[in-house]
Amino acid sequence: MGLFIYSSKVNMSSKSFALLLSAILLAAPYLAPSLFPLAWISFVPLFWVIGKAETWRRAVLYGWLMGTVAHLLGFHWLVYTINVFGGFPYPISSLVFLIYAILQGLQMALFALLVRRFGFGPLQILPGVFWVALEFWFPLLFPWYLANSQVSFSLFIQSADLVGPYGASFVLMWFNAAVYRLVCAGKEERRSRIRALGYCAMCALLSLIYGYQRLATVTDEIAAARKLPVAAVQGNIDIDLKWNPALVKQNLEKHKNLTSQLEAVPLVIWPESAVEVWLPDQLQYLPEDLMPQLKSPQSHLIFGAKSFRGRPGTADFQAFNTAFFADSAGRVLGRYHKQVLLAFGEYLPFAKVLALLPAMPFADGFTAGRGAVTFEMPGDIRIGSLICYEDLMPELSRNFVKETRANLLINLTNDAWYGKSVGPWQHARLAQSRAIETRRSLLRVTNTGVTSLINAKGELVQSLPMFVPKLLKAEVDILTGETYYVRYGDWFAWAITINTVAIVFFHLKRAITDE
């Protein structure tokens, strides 16, 4: 406690230490989920620094620094990804990563501005309100939510089927604010601030009670659900071997050989870009040399590949990151195009504008898909196929379930870009919330790992070791219910946003009137 309370003037080194401590406490649970308790106090040092800042501009700067450092720590593996994916040397990759972290740190700068300008409010609740509004609206390359820090605290995050990730984020931030204000309270203020912490603790307790009840209910639903036998193929193609024309056939054979080890199974799934040849988007039958030998005529295959429409070099040419769905005879039954493309990897922002400049021959890259498409199997099984980091976005999974009645979610991805780092595991943990929000099984099929099955309770029930060619065989639950979050969407985040706008407007209006 004494670390944050000084009667004398606080020097810069103390503030720097507090900012670094706050960043470490925030990033730690995303690197090691067992450290989830740290998130409950991770913002306390930041609040202390904001309060000690000489001006609001300094407070914003301190928030920006903390957010930047938190991103540098939490996503440190991106340096390798930028190096391999972008082809930049490590010094340039490190610079690009630093710029990325600085830009993403702006979220924390805005948060610091709101807290400094408008305070903590009744029951110290305003930081929770401001944080949810920023989580909902601030654009992040890899959407992380404060709630995701609690993936190992399953009881607490089950409210995601009501309000998405924002409910748990709200309680976590409110708790941080209440703890800070209690620690800094004088004798006269202590009673009211204990009361604020008590209300927050009561809200957290209600979340735990709801989680306990829902886990019991969903457990019963899982036990009674139909099961679909599936096989996920983890080909383990090293990133240096992908897209090498001389190795395309060899890489494909690895997937086919693994598939040949299977007995008859209704559904076989290969990861993103498992097939490395470009396929016409309107292809009706797969070439024989691409098809594995499926043991049953009732079997189906889902795989990732690049597809195209039109002629290369012409105005009507379009390229897609695609999931194909075929039967055992190779007949293409459906295709889904990735909707959310990766900036600088699958498309260049402002490419059409930049292409107008002389000597700047920018390409448009991939084209985004137009909406959710499900793959239908006998028995009214409807599969929603998310590609790459689309499983980090609540609205996409929700739309698959709401608009197309998908009763199984899968994710095709190639996380080999992350190397032998915590990145693939971080991706898997961030995706766990999609299963809770929709109450659907989520089967993640990856090139090098982490191939895994997440059940409707958000539990990772099966996984393969990384960087090993292997099969994951499982029986996935086919669930058909509709959660409150699927039906009504981000109603909670919208309500918080409206309140945030109202608070800002009211205070600004009052400030103008006082002048």
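Reply: S207 is found in helix α10, which covers residues 187-224; helices (H or I, at least four residues) and strands (E, at least two) are DSSP runs, numbered from the N terminus. The model is predicted, so local features need pLDDT of at least 70 and side-chain atom pairs count only at pLDDT 80 or more, while totals for chains, interfaces and linings use all residues. Residues are numbered from 1 along each chain as its sequence is written, and side-chain values use heavy atoms, without hydrogens and water.

S207 counts as buried because its relative accessibility is 13% (buried means under 20% relative accessible area, exposed over 50%, partly exposed in between, with a 1.4 Å probe and protein chains only). Leaving aside neighbours within four places in sequence, S207 is in contact (heavy atoms within 4.5 Å) with L155 and F156.

K256 belongs to helix α11, residues 248-260, and is classed as buried because its relative accessible area is 16%. Apart from neighbours within four places in sequence, K256 has contacts with W270, E288, D289, L290, M291 and P292. Of these residues, M291 stands 35 residues from K256 in sequence, and the C-alpha atoms of the two are 7.7 Å apart in space.

An α-helix has 3.6 residues a turn, so residues three or four places apart point the same way. After α4 comes G87, which has a positive phi near 75°.

Strand β11 (residues 452-454) and strand β12 (residues 460-463) run antiparallel and are joined by three bridges; two strands pair if DSSP finds at least two bridges between them. I454 has L460 of β12 as its bridge partner. Five residues lie between the strands of this hairpin, and G458 takes a positive phi near 80°.

A cavity is a set of points, on a 1 Å grid over the protein atoms alone, where a 1.4 Å probe fits but cannot get out; lining residues have an atom within 4 Å of a point. The lining of the largest cavity consists of L26, A27, Y30, A70, H71, G74, F75, W144, Q426 and L430. Two or more of the lining residues come from each of α1 (12-31), α3 (56-74) and α14 (423-438). Around the second largest cavity lie A147, N148, V151, I157, S159, A160, G164, P165, A168 and S433.

The average pLDDT (the predictor's confidence in each residue, from 0 to 100) is 91, and 94% of the residues score at least 70. Over residues 1-8, however, the pLDDT is below 50, and this stretch has 14 contacts in the model beyond near neighbours in sequence. Residues 357-362 likewise stay under 50 in pLDDT, with six contacts beyond four places in sequence. Where pLDDT is low, the predicted coordinates should not be read in detail.

Definitions and conventions. 1 Å grid on protein atoms, 1.4 Å probe; cavity = no way out; pocket = protein on both sides within 12 Å on 5 of 7 lines; lining within 4 Å.
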